[in-house]
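Below are some notes for a first reading of this model. Please keep the sequence and the structure open while going through the points.

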Amino acid sequence: MDTAFIVVVVGLSSLAAALVARGRSRRRLRSAVGKTLETIGLAAVFLFLNVGVGFCLALLARVVGGRFVSLYHSDDVTILAVSILQALVWQWSREAEASAGP
Amino acid sequence: MSAQGALRGIGGATVALFAALAFTPLSNGLYDVLVPPATPPEPAAAIVVLGSRVDDGVLSDSSLRRALGGVVLFRQGLAPLLVMLGAGSHGKPSEADVRVRLAQDLGVPATALLADPRGRTTRDEARMCWEDLAPRGMRRILLVTGSEHMPRAAALFRRAGFEVVEAPIMELSSTVSQPQARLALSRVLLRELLARAYNRVAGFL
């Protein structure tokens, strides 16, 4: 029921968005989906990096600094949000660079 | 494959994984594979309640569940001693101390309670507990922790020398159907899988 509800809600809002943008070509839509997947992929890479670096820093603090740092710090959900922000900044800076030209 | 293509592939896989974890019973199935079914608790020399988290004297949800689980086992007469674990920080009351006060408020006599706030990891807790209980001849323990944490915790306590009777606490329902709850379940399982992998690589298990 919960799943169906969410699918219906997202389906309706997507339909509304498609109606508003009906003048745009299918090619542009495909390109937008591609860029979105690219950004999500970038966010996943940043997430992997952030968790990995956090894990290494915690172990380094334990071994070298003799100070206990919990490995669970890397489990904080804000790391996901920050990773998405990092991906967006990276993506937009590449776009800006490309549109500025050589 | 170009970097752009690789990123799109990773993005597509991420979206597919997200959809599978949130909108299908995949995480429920993973839980059933990773968490063995609980068996009825048996009498032991001591009940040992593993730490979770405390923030400025406030027990986390899982910490409270585990502490209450320990008190229930004690009140069922399954052991004469209730050991509360859980560290503290920056001069604030430790999780173990907060739990001991809670147990006293729930009618457990102070003489039947032991707080040990020294352990910061499950492995530490197993070692500290051995230091506390082995000199008293208490080797058979009822171990109380979250269901998904139990296989790793029980292995570490057995390695420390204990005979472990498992008393897992359900901290998350394995039959959740809300997408958000399924994602929370997946997160807990993934974290536990990584912890098991780390313990194996480090030679602790």
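1. Start with one residue of chain A. Cys56(A) sits in helix α2 of chain A; helices (H or I, at least four residues) and strands (E, at least two) are DSSP runs, numbered from the N terminus. Is Cys56(A) buried or exposed? Cys56(A) counts as exposed, because it has 11 C-beta neighbours inside 10 Å. The cut-offs are these: a residue is buried if 20 or more other C-beta atoms lie within 10 Å of its own, exposed if 12 or fewer, and partly exposed in between, with C-beta atoms placed from the backbone. Leu71(A) is 15 residues from Cys56(A) in sequence, and their C-alpha atoms are 8.9 Å apart in space.

2. A word on conventions. This is a predicted model, in which local features need pLDDT of at least 70 and side-chain atom pairs count only at pLDDT 80 or more, while totals for chains, interfaces and linings use all residues. Residues are numbered from 1 along each chain as its sequence is written, and chains are lettered from A and ligands numbered from 1 in the order in which they are written.

3. The two chains touch. Chain A gives 14 residues to the contact and chain B gives 15 residues, where two residues are in contact if their C-beta atoms, placed from the backbone, lie within 7 Å. On the side of chain A, the elements with two or more residues in the contact are α1 (2-20) and α2 (26-63). The most comes from α2(A), with 9 residues. By class, this side of chain A has 7 nonpolar, 4 polar and 3 charged residues. Here Ala, Val, Leu, Ile, Met, Phe, Trp, Tyr, Cys and Pro count as nonpolar, Asp, Glu, Lys and Arg as charged, and the others, Gly among them, as polar.

4. Now chain B as a whole. Its secondary structure comes to 7 helices and 7 strands, and its C-alpha trace spans about 65 × 40 × 35 Å along the principal axes. Of the 205 residues in chain B, 39% are buried. Among contacts in chain B with a separation of 6 or more, 67% join residues 24 or more positions apart.

5. Chain B is divided into domain 1 (3-35 + 174-201) and domain 2 (46-169); such bounds come from an automatic or database domain assignment. The C-alpha centres of the two domains lie 29 Å apart. How many residues does each domain of chain B give to the contact? Domain 1 gives 8 residues and domain 2 gives 4 residues. On the side of domain 1, α7(B) gives the most, with 6 residues.

6. Which order do the strands of the open sheet in chain B follow? The 5 strands are ordered β5-β4-β1-β6-β7, with parallel pairing; two strands pair if DSSP finds at least two bridges between them. The edge strands, β5 (113-116) and β7 (163-169), each pair on one side only. Strand β4 (residues 82-85) of chain B pairs with β5(B) over 4 bridges, and Leu85(B) stands opposite Asp116(B) in β5(B).

7. Why is β7(B) described as largely enclosed by the rest of the structure? The reason is that 6 of the 7 residues of β7(B) are buried.

8. Helix α4 (residues 95-105) of chain B lies across β1, β4 and β5, running at about 165° to β5(B). Axes are lines fitted to C-alpha atoms, for helices over the stretch in contact, and angles run from 0 to 180 degrees between N-to-C directions. Helix α6 (residues 150-160) of chain B has several buried residues, including Met150(B), Leu156(B) and Phe157(B). The buried residues of α6(B) pack against α5 (122-133), β6, β7 and α7 of chain B.

9. Last, a helix pair. The axes of α2 (residues 26-34) and α7 (residues 179-201) of chain B come within 9 Å and cross at roughly 35°. Residues making this contact include Leu30(B) and Leu34(B) of α2(B), and Leu185(B) and Leu189(B) of α7(B). The contact has 5 nonpolar, 2 polar and 1 charged residues.
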